Amino acid sequence: MKNNDNFVLRNTWYYALPSNQIKPGMMISRIFLGEPVLLVRDQNGKVSAMRDICPHRAVPLSCGRFDGQEVECCYHGWRFNSGGRCTAIPSLVEEQQMDLSRFDVQSYEVREAQGNIWIYMPDPDKSQPAASDMEIPVIPGFEERSPQFVEVMKFPCFVDHAVVGLMDPAHSPYVHRAWWWRSGQLHEEVKQFDASPYGFTMRRHRLPANGGRLYLLIGGGVPETEISFRLPSVRIEETTIGKHRVVNLTAVTPISDTETEVTFVLYSTLPWVGFFKPLLHVLAQTFLGQDRTVVEKQQIGLKYNPVLRLIKDSDMQAQWYYQLKREYARSVAEGREFVNPVKDQVLRWRA
């Protein structure tokens with residue numbers, strides 16, 4: 001893998017935060033792709049986002065007040081509506097007529113569905129078309145249900161290393177060692193992969209006994225799983241056990257060049273999942289924590305800027321990821337339709 005693969009994909013949707021973290025009348029300051037963003041939910045329940053910097057003296061707007069309709073800067077009281085439009089400059093006297101739109105704050109398109117808030121991050125140096133070509137991820141069959149469980153963890157790395165690490169099929173025997181998940185023995189895996197919108201999908205398959213002990217505890221049948229990945233950094237794993245479905249969505253959001261946020265969101269038809277949230281918290285913390293630990297170790301070697309050698313077939317998903325990124329960036333720059341570079345094929349590896 002060459003260094004020129006290390007760029008953050010723009011003009012696409014990233015996971016912002018779970019819906020329940022921001023109530024009506026609240027504002028939350030976050031950093032996405034190195035940009036300060038202020039998210040607000042107005043009195044009617046609508047979420048909006050704007051740049052978290054006052055254009056007057058650069059004080060963060062999040063240091064001010066939000067009354068459910070407008071944000072007021074704490075320095076000079078300049079006010080902005082939830083769309084970033086400047087509505088008032090209190091220091092102006094009546095004779096001083098001024099076009100307040102000159103002081104509007106950049107706004108970001110946001111969408112909310114199924115208990116998740118997504119934000120569209122455009123290229124800051126270019127005027128971009130409307131964010132309508134790529135839709136936000138939605139889990140079919142769950143309509144507007146909120147997730148039963150959410151876990152968030154920060155990884156101290158560039159976004160690519162978090163994404164590739166989470167989709168890597170060969171690291172489990174070495175990173176995720178637990179009696180209730182799988183044994184330490186290696187087994188040959190043979191999986192069919194197909195191109196899917198802005199990504200690829202591992203076809204539905206039965207989970208082997210060594211890889212799905214936790215699911216077998218649920219009962220009701222042999223678990224079957226389908227796993228898909230789509231740009232910019234969303235992995236969806238759907239497991240069926242008899243008549244029940246368990247779907248986890250893992251979204252990776254770049255904060256800066258050295259920090260990334262990983263969000264694990266769980267949907268399920270199992271009625272008793274809510275009672276086991278403490279256990280799910282431990283399991284999610286364990287799994288994500290193990291991935292985080294090995295990524296921390298990876299940073300030691302990455303300081304020396306090595307060329308990363310990817311192999312077939314176990315690294316094919318990583319190679320697809322970089323190909324997808326490059327193609328999407330080129331298609332946006334050239335103003336043309338995205339062409340998925342992934343070809344349907346069978347991959348084999350031992351894990």
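Author: Strand S4, residues 47-51, is mostly covered, with four of its five residues buried. Buried means under 20% relative accessible area, exposed means over 50%, and partly exposed is in between, using a 1.4 Å probe and protein chains only. Helices (H or I, at least four residues) and strands (E, at least two) are DSSP runs, numbered from the N terminus.

Reader: Before we go on, what kind of model is this?

Author: This is a predicted model: local features need pLDDT of at least 70, side-chain atom pairs count only at pLDDT 80 or more, and totals for chains, interfaces and linings use all residues. Residues are numbered from 1 along each chain as its sequence is written, and side-chain values use heavy atoms, with hydrogens and water left out.

Reader: Ok, back to S4. How many bridges join S3 to it?

Author: Five bridges join S4 to strand S3 (residues 35-41), and the two run antiparallel. Strands count as paired if DSSP finds at least two bridges between them. Leu38 stands opposite Met50 in S4.

Reader: And what's in the turn of that hairpin?

Author: Five residues lie between S3 and S4, and Gly45 in the turn has a positive phi of about 95°.

Reader: Which strand joins S4 by two bridges?

Author: That's S9, residues 107-108, which runs antiparallel to S4. Ala49 has Tyr108 in S9 as its bridge partner.

Reader: Nice. How many bridges link S2 and S3?

Author: S2 and S3 pair over six bridges in the antiparallel sense. Ile31 has Pro36 in S3 as its bridge partner. The hairpin of S2 and S3 has two residues between the strands, and Leu33 takes a positive phi near 55° there.

Reader: Where does Gln114 sit?

Author: Gln114 is in the hairpin of S10 and S11, which has two residues between the strands, and takes a positive phi near 55°. S10 (residues 110-113) and S11 (residues 116-121) pair antiparallel over four bridges, and Arg111 has Trp118 in S11 as its bridge partner.

Reader: Switching to helices. Is H1 mostly covered or uncovered?

Author: Mostly covered: eight of the nine residues in H1 (residues 159-167) are buried. Among them are Asp160, His161 and Met167.

Reader: And Phe287, why does that one count as partly exposed?

Author: Because its relative accessibility is 23%. Phe287 is found in helix H4, residues 277-302. Its C-alpha is separated by 20 Å from that of Ala318, 31 residues apart along the chain.

Reader: Zooming out, how many helices and strands in total?

Author: The protein has five helices and 19 strands.

Reader: What does the radius of gyration say?

Author: The protein has 22 Å, which agrees with a compact globule of 351 residues, where the value would be near 20 Å. The radius is taken over C-alpha atoms, and the globule rule is 2.2 Å times the number of residues to the power 0.38. The C-alpha trace spans about 80 × 45 × 40 Å along its principal axes.

Reader: Last one: how much of the protein is buried?

Author: Buried residues make up 50% of the 351 residues.
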